[in-house]
Amino acid sequence: MATEYISRSQARRILTDLEKFKVIYFDFYRVDLIGQAFADEIFRVFHNRFPEIRLEPENMNEVVKFMVERAKDKGN
């Protein structure tokens with residue numbers, strides 16, 4: 001069964017209390033799709049608030065990778 005993460009609220013729930021870590025791994029195994037808002041909340045908004053935290057996405061399909069890279073590009 002594949003999973004989809006779409007909204008900012010889903011991203012915020014996932015990010016709860018993660019500002020305590022130096023590196024965060026996001027394993028997208030079996031995730032078929034993430035929404036623009038979800039990716040933006042993690043890879044632009046959260047990263048801009050905590051630039052010292054390294055965000056490491058892994059196991060991305062091409063669709064997920066596109067959304068992650070798009071959000072990262074907006075952050076620069």
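## Salt-bridge network and nonpolar core

The side chains of D40 and R8 meet in a salt bridge, with 2.8 Å from N to O; a salt bridge here is a side-chain nitrogen of Lys or Arg within 4 Å of a carboxyl oxygen of Asp or Glu. D40 lies in helix α2 and R8 in helix α1, so the pair ties together parts that are 32 residues apart in sequence. The model is predicted: local features need pLDDT of at least 70, side-chain atom pairs count only at pLDDT 80 or more, and totals for chains, interfaces and linings use all residues. Residues are numbered from 1 along each chain as its sequence is written, and side-chain values use heavy atoms, with hydrogens and water left out.

**Salt bridges**

- By this rule, the count is five salt bridges.
- R8 also forms a salt bridge with E41, where the closest N and O atoms are 3.0 Å apart.
- This pair links distant parts of the chain, since R8 is in helix α1 and E41 is in helix α2, 33 residues away; helices (H or I, at least four residues) and strands (E, at least two) are DSSP runs, numbered from the N terminus.
- R44 and D40 meet through their side chains in a salt bridge of 2.6 Å, N to O.
- R44 and D40 are four residues apart in helix α2, which means that about one helical turn separates them.
- Salt bridges that share partners join R8, R12, D40, E41 and R44 into one network.

**Exposure of the charged residues**

- D40 is buried, at 5% relative accessible area; buried means under 20% relative accessible area, exposed over 50%, and partly exposed in between (1.4 Å probe, protein chains only).
- E41 also counts as buried, at 10% relative accessibility.
- R8 is partly exposed, with a relative accessible area of 29%, and R44 is partly exposed at 26%.

**Nonpolar core**

- The largest nonpolar core has 20 residues, and those with the most contacts inside it are F26, F28, I34, I42, F43 and L55; such a core is a set of buried Ala, Val, Leu, Ile, Met, Phe, Trp, Tyr and Cys residues joined through side-chain atoms within 4.5 Å.
- Two or more residues of this core come from each of α1 (8-15), β2 (23-27), β3 (31-34), α2 (36-49) and α3 (62-75).
- Helix α2 gives the most to this core, with five residues.
- Leaving out residues up to four places away in sequence, F28 touches I34, F38, F43, P57, E58, N59, M60 and V64; contact means heavy atoms within 4.5 Å.
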